[in-house]
Amino acid sequence: CAIIVFPLGHAFWTSLQRVRGLRSTFVGFDNYARVLGDDAFWHSLSVSFAFTGVAVALHMALGLALALLLDELRSARAALRIAFLTPWMVAPAVGATIWLWLLEPQFGVVNYLLRAAGTIDAPLAWLGEPGLAFASVVAVDVWRGVPFVMLLMLAGLQTVPPEQYEAAAMDGASAWQRFRFVTLPNLRYLLIVATTLDVINTIRHYDIIGVMTAGGPAQATEVLPVLLYNTAFRGNRFGEAAAIGVLLLLIVLALSTFYIRVTRVGREEALR
């Protein structure tokens with residue numbers, strides 16, 4: 001308990017201080033007022049929501065599609081499962097560094113392959129232009145995050161009663177109808193839980209963006225965790241950084257509360 005309470009308490013106390021080097025002055029909630037009145041905070045919040053929304057939507061869509069594919073396979077299932085899970089097993093900072101090399105404008109493999117295929121005429125600065133940089137960090141996060149959702153969905157598919165598929169097939173249901181009226185209803189609870197967990201994990205994620213862009217270019221990828229880091233260690237404003245951390249914690253707590261309510265309702269329905 002002390003391992004959790006003490007750091008949180010210290011962070012909140014720091015958020016009430018104006019820290020300059022080794023000197024600190026109590027300023028109350030001035031740091032919060034300064035943060036909430038700063039356009040950079042609201043810009044980072046909007047970038048965080050956009051990044052989380054796009055990434056989570058792709059996580060869920062691709063994760064479910066891969067889970068359905070693996071569930072239908074009868075051979076090489078274990079090998080493919082391990083292959084798909086590999087990005088999730090790689091440390092985020094290591095994976096981001098690998099993609100940093102792959103996306104390098106002049107010597108990166110991605111530009112080389114695209115030029116060889118005739119898709120582009122000149123090398124693209126993937127991390128040097130705002131739109132491309134945002135799309136790149138989303139793509140890398142999807143590469144790493146899809147296996148987690150795939151694993152959850154694959155476990156959920158194993159619990160769907162096969163009798164329901166057999167009954168639907170006897171009634172002449174197409175593959176789409178079986179997916180819509182059998183698979184999705186059985187996975188509804190799991191989809192909500194997986195989406196909520198994925199949102200919580202993604203909105204507080206730092207490693208990939210911190211390594212690849214550090215929030216640039218032109219703050220196009222500066223999500224809240226990156227803004228927190230830049231404020232503390234580049235701007236040397238630890239009080240404001242702590243205030244940003246507390247506000248981010250409140251967002252995560254709100255999402256966690258929703259997750260707890262959803263799981264509680266699910267357990268109550270299972271017991272009926």
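This report walks through a few local features of the predicted model shown above.

## Ground rules

Residues are numbered from 1 along each chain as its sequence is written, and side-chain values use heavy atoms, with hydrogens and water left out. Since the model is predicted, local features need pLDDT of at least 70 and side-chain atom pairs count only at pLDDT 80 or more, while totals for chains, interfaces and linings use all residues.

## A buried arginine

Let's start with Arg144, which lies in helix 7 (residues 130-157). Helices here are DSSP runs of H or I with at least four residues, numbered from the N terminus. Arg144 is buried yet has no salt bridge. Buried means under 20% relative accessible area, exposed over 50%, and partly exposed in between (1.4 Å probe, protein chains only); a salt bridge puts a side-chain nitrogen of Lys or Arg within 4 Å of a carboxyl oxygen of Asp or Glu. The nearest side chain of opposite charge, Asp141, is 6.5 Å away (Lys and Arg count as positive, Asp and Glu as negative, with His and the chain ends not counted).

## A threonine in helix 9

Thr202 sits in helix 9 and, at 5% relative accessibility, counts as buried. With residues up to four places away in sequence set aside, Thr202 touches Phe51, Thr52, Ala55, Val56, His59 and Asp141.

## Aromatic pairs

Rings of Phe, Tyr and Trp (its six-membered ring) pair if their centres lie within 6.5 Å; planes under 30 degrees apart are stacked, over 60 edge-to-face, and the rest tilted. By this rule the count comes to nine aromatic pairs. In one of them, the rings of Tyr206 and Tyr229 have centres 5.4 Å apart and planes at 40°, so the pair is tilted. Tyr206 lies in the loop between helix 9 (175-203) and helix 10 (207-212) and Tyr229 in helix 11 (residues 224-234), so the pair ties together parts 23 residues apart in sequence.

Tyr206 is partly exposed at 26% relative accessibility, and Tyr229 is partly exposed at 33%. Together with Phe233 and Phe238, these two tyrosines form one aromatic cluster.

## The loop between helix 10 and helix 11

This loop holds Ala214, with phi near 55°, a positive value in a residue other than glycine. Gln219, also found there, has a positive phi of about 60° although it is not a glycine. Pro217 belongs to this loop as well, and the peptide bond from Gly216 to Pro217 is cis, with omega near -10°.

Technical notes: Helix = DSSP H or I, 4+ residues; strand = E, 2+ residues; numbered from the N terminus. Contact = heavy atoms within 4.5 Å.
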